[in-house]
Amino acid sequence: MSRVDDAIKKDGMDILLSKHHKSTKNDIQHGNMSVRQHTISVARHSVMFSEMLGIHCDRRALVRGALLHDFFLYDWHDKEHGNIFRLHGIHHPGIALRNAEHEFTLSEKERDIIKKHMWPLTVVPPTCREAWIVSMADKYCSLMETIRLHRKNCRRHQNR
């Protein structure tokens, strides 16, 4: 097990073992990546980015905020959600924060990470370095997940 995975388990085991976080493995985030896989990937990349860039931060808040940043608990691809479907990028941070506060005790940094990870869509920028790191890691992971889906679709069309 890697040092990064050890850190995620140490700081986020209660989240990883929670019924609702486990249920996110059934919801797709980007491509064929589940929300659960995505949040774990964002937590990994957040820890790696903070270390690679030499940014000292509260690792516990970083990991927990990353694991909970998409804790919205619905399938955002489902058109039955009406306005949420069309405006998911804007609304889901607030929904994720409400859900996370219901289930976990959050620090101010963890709240900032969850609420502002979609900046600049959420207009108000993050106020702590941990939130900036998770926002960057989320955008990186989302891009990589989307590129993989795009490449897969391109190969499928070329084979026709």
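# A tour of the helices and their salt bridges

Begin by selecting Glu 108 and Arg 111, which both lie in helix H7 (residues 108-116) and stand 3 residues apart, about one turn of the helix. Helices (H or I, at least four residues) and strands (E, at least two) are DSSP runs, numbered from the N terminus. The model is predicted, so local features need pLDDT of at least 70 and side-chain atom pairs count only at pLDDT 80 or more, while totals for chains, interfaces and linings use all residues. Residues are numbered from 1 along each chain as its sequence is written, and side-chain values use heavy atoms, with hydrogens and water left out.

Keep Glu 108 and Arg 111 selected. The two residues form a salt bridge, and their closest N and O atoms are 3.1 Å apart. A salt bridge here is a side-chain nitrogen of Lys or Arg within 4 Å of a carboxyl oxygen of Asp or Glu. Side chains of opposite charge can pair when their charged atoms come close. Glu 108 counts as exposed, at 59% relative accessibility, whereas Arg 111 is partly exposed, with a relative accessible area of 25%. Buried means under 20% relative accessible area, exposed over 50%, and partly exposed in between (1.4 Å probe, protein chains only).

Next, select Lys 109 and Glu 130. Between them is another salt bridge, with the closest N and O atoms 3.3 Å apart. Because Glu 130 lies in helix H8 (residues 129-158) and Lys 109 in helix H7, the pair ties together parts that are 21 residues apart in sequence. Is Glu 130 buried or exposed? Glu 130 is buried, with a relative accessible area of 2%, while Lys 109 is partly exposed, at 33%.

**Second stop: from H1 to H3**

Move to Asp 5 and Arg 44, a salt-bridge pair whose closest N and O atoms are 2.6 Å apart. This pair links distant parts of the chain: Asp 5 belongs to helix H1 (residues 3-16) and Arg 44 to helix H3 (residues 35-52), 39 residues apart. Arg 44 is partly exposed, having a relative accessible area of 33%.

Then select Asp 14, Arg 64 and Glu 110, which are joined in a network of salt bridges. How many salt bridges does the structure hold? The structure holds 9 salt bridges.

Show H3 together with helix H4 (residues 59-68). These helices pack at an angle of about 150 degrees, with their axes 7 Å apart. Axes are lines fitted to C-alpha atoms, for helices over the stretch in contact, and angles run from 0 to 180 degrees between N-to-C directions. H3 and H4 are therefore roughly antiparallel to each other (angles under 35 degrees count as roughly parallel, over 145 as roughly antiparallel, 65 to 115 as roughly perpendicular and the rest as oblique). H3 passes H4 in a right-handed crossing (left-handed if the near helix is turned anticlockwise from the far one by less than a right angle, right-handed if clockwise).

To see the contact (heavy atoms within 4.5 Å), select Thr 39, Ile 40, Val 42, Ala 43, Ser 46, Val 47 and Ser 50 of H3 with Arg 59, Leu 62, Val 63, Ala 66 and Leu 67 of H4. By class, the residues of this contact of H3 with H4 comprise 8 nonpolar, 3 polar and 1 charged. Ala, Val, Leu, Ile, Met, Phe, Trp, Tyr, Cys and Pro count as nonpolar, Asp, Glu, Lys and Arg as charged, and the others, Gly among them, as polar.

Keep H4 and bring back H7. They pack at an angle of about 35 degrees, their axes being 8 Å apart, and the crossing of H4 and H7 is right-handed. On the H4 side, select Arg 60, Ala 61, Leu 62, Arg 64, Gly 65, Ala 66 and Leu 68; on the H7 side, select Lys 109, Glu 110, Ile 113 and Ile 114. The contact of H4 with H7 has 6 nonpolar, 1 polar and 4 charged residues.

Select Glu 145, which is in helix H8. Glu 145 is buried, with a relative accessible area of 4%. Which residues does Glu 145 touch, not counting those up to four places away in sequence? Glu 145 touches Gln 29, His 30, Met 33 and His 38.

Now select Arg 148, also placed in helix H8, which counts as partly exposed at 48% relative accessibility. Arg 148 and His 30 are 118 residues apart in sequence and 9.3 Å apart in space, C-alpha to C-alpha.

**Last stop: the whole chain**

Finally, display the whole chain, which has 8 helices and 2 strands in the pattern α-α-β-β-α-α-α-α-α-α along the sequence. Buried residues make up 46% of its 160 residues. Of the contacts in the chain with a separation of 6 or more, 62% are between residues 24 or more positions apart.
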